[in-house]
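Let's take a friendly walk through a protein model, one region at a time. Keep the structure in view as you read.

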Amino acid sequence: MTATAANTETAPRKQERALITPEGVNLRIRLASAGERAAAFSIDVSIIAGALVVMTLLAALMGAAIGSAEFVGVVWLLMFFILRAFYFTLFELGPRAATPGKRLIGIRVAPRNGGRLRAEAIFVRNAMREIEVFLPLGFLASQGGDQVSGLIALSGFTWCAIFLFFPLFNRDRLRPGDIAAGTWVVQTPRRKLERDLAGGGERALSNFEFSTEQLDAYGVHELHVLEDVLRVRADETMAMIAERIRNKIKHVKKAGESDADFLDAYYTALRKRLETRLLYGVRRRDKFDER
């Protein structure tokens, strides 16, 4: 094996982590690289800048119509604040936990403890971005021609550089916001795998029948955990999870019933049940969500 081939195989392994969920499942995930995170952030910043340009042009037209030049500045500052404060937070609060930039690159935000991604964690990691990026950028933008302003600009540049390169100096590629919020950014599994799981589940489901009570035992979080288990398909882990689910829903294992078929069938049935409830505005986050 050549050195180049060895490096190609070793690089992905350096990004792999074992993630133990609250259910005791050992999942293998791959962290997003610093380059992927930088690319996603660049795309998001470009989207924000594009939205600001459009809003500025609209504000300029409205300002010209009402004869007020100050109107343009007020609208620009307001839109910049709204986009800066809510763009990342609102998208990461969604079911995909990813901004448009992250989705294009194929990465998402995830909790480091393997549990559910909570809203407070999203708020914390994005509030830290104000300190990491926008505050020092404000220093740079406010520089004047005197020596004091030059020192302030230099401080802002140094501050930006420290936080910009911070993920390069820790093995999990965490920015300070991730450390404060208990999150990290991981690679999103390919959607093709989900379709393959659903296809295998449809075949397995023909041999099983689950009641509404059995399907209402779990929520979206457990569905995602089960999906990861089926993706990895480690025999020992599947046997453990299958036993737990059978005990939880009081399902008696039939003769010749395999753990893989049972989990495939239950995953498919649970997903259908959750999607049906979602159509009626009911989203059960996990097994503790009594809705």
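Leu 215 lies in helix α9, which covers residues 212-215. Helices here are DSSP runs of H or I with at least four residues, and they are numbered from the N terminus. Leu 215 is buried, with a relative accessible area of 10%. The word "buried" means under 20% relative accessible area, "exposed" means over 50%, and "partly exposed" is in between, with a 1.4 Å probe and protein chains only. Leu 215 and Arg 273 are 58 residues apart in sequence, while their C-alpha atoms are 6.9 Å apart in space.

Before going on, a word on the source: this is a predicted model, in which local features need pLDDT of at least 70 and side-chain atom pairs count only at pLDDT 80 or more, while totals for chains, interfaces and linings use all residues. Residues are numbered from 1 along each chain as its sequence is written, and side-chain values use heavy atoms, with hydrogens and water left out.

**Salt bridges**

How many salt bridges does a search of the whole structure find? The search finds 13. A salt bridge is counted when a side-chain nitrogen of Lys or Arg is within 4 Å of a carboxyl oxygen of Asp or Glu. Here are some of them.

| Pair | N to O distance |
|---|---|
| Lys 102 and Glu 92 | 3.0 Å |
| Arg 273 and Asp 216 | 2.9 Å |
| Asp 264 and Arg 233 | 3.1 Å |

Take the salt bridge of Arg 273 and Asp 216. Arg 273 lies in helix α12 and Asp 216 in the loop between α9 and α10, so this pair ties together parts that are 57 residues apart in sequence. Arg 273 is partly exposed, with a relative accessible area of 24%, and Asp 216 counts as partly exposed at 24% relative accessibility.

Next comes the salt bridge of Asp 264 and Arg 233. This pair links distant parts of the chain, with Asp 264 in helix α12 and Arg 233 in the loop between α10 and α11, 31 residues apart. Asp 264 is buried, at a relative accessible area of 8%, whereas Arg 233 is partly exposed at 36%.

Now look at Lys 102 and Glu 92, which also form a salt bridge. Lys 102 is in helix α4 (residues 100-105) and Glu 92 is in helix α3, so the pair ties together parts that are ten residues apart in sequence. Are these two residues buried or exposed? Both Lys 102 and Glu 92 are buried.

**A helix with a buried face**

Helix α11 runs over residues 235-249, which makes 15 residues. From its first C-alpha to its last it reaches 21 Å, close to the 21 Å expected at 1.5 Å a residue. The expected span is 1.5 Å times one less than the number of residues. Which residues of α11 are buried? They are Thr 237, Met 238, Ile 241, Ala 242, Ile 245, Arg 246 and Ile 249. Seen down the axis of α11, the buried residues fall within an arc of 160°, so they line one face of the helix. The arc is that of the directions from the helix axis to the C-beta atoms. On the other side of α11, Glu 236 and Asn 247 are exposed.

Lys 250 follows α11 and is found in the loop between α11 and α12. Its phi is near 60°, a positive value in a residue other than glycine. Lys 250 is exposed, with a relative accessible area of 69%.

**The nonpolar core**

The largest nonpolar core has 25 residues, and Ile 245 and Ile 249 are among those with the most contacts inside it. Such a core is a set of buried Ala, Val, Leu, Ile, Met, Phe, Trp, Tyr and Cys residues joined through side-chain atoms within 4.5 Å. The elements that give two or more residues to this core are α8 (191-205), α10 (220-232), α11 and α12 (259-279). Its largest share, eight residues, comes from α12.

**Helix α2**

Helix α2 has 33 residues (34-66), which should span 48 Å at 1.5 Å a residue; its end C-alpha atoms are 47 Å apart, which agrees. Buried residues in α2 include Arg 37, Asp 44 and Leu 52. Just after α2, Gly 67 takes a positive phi of about 70°.
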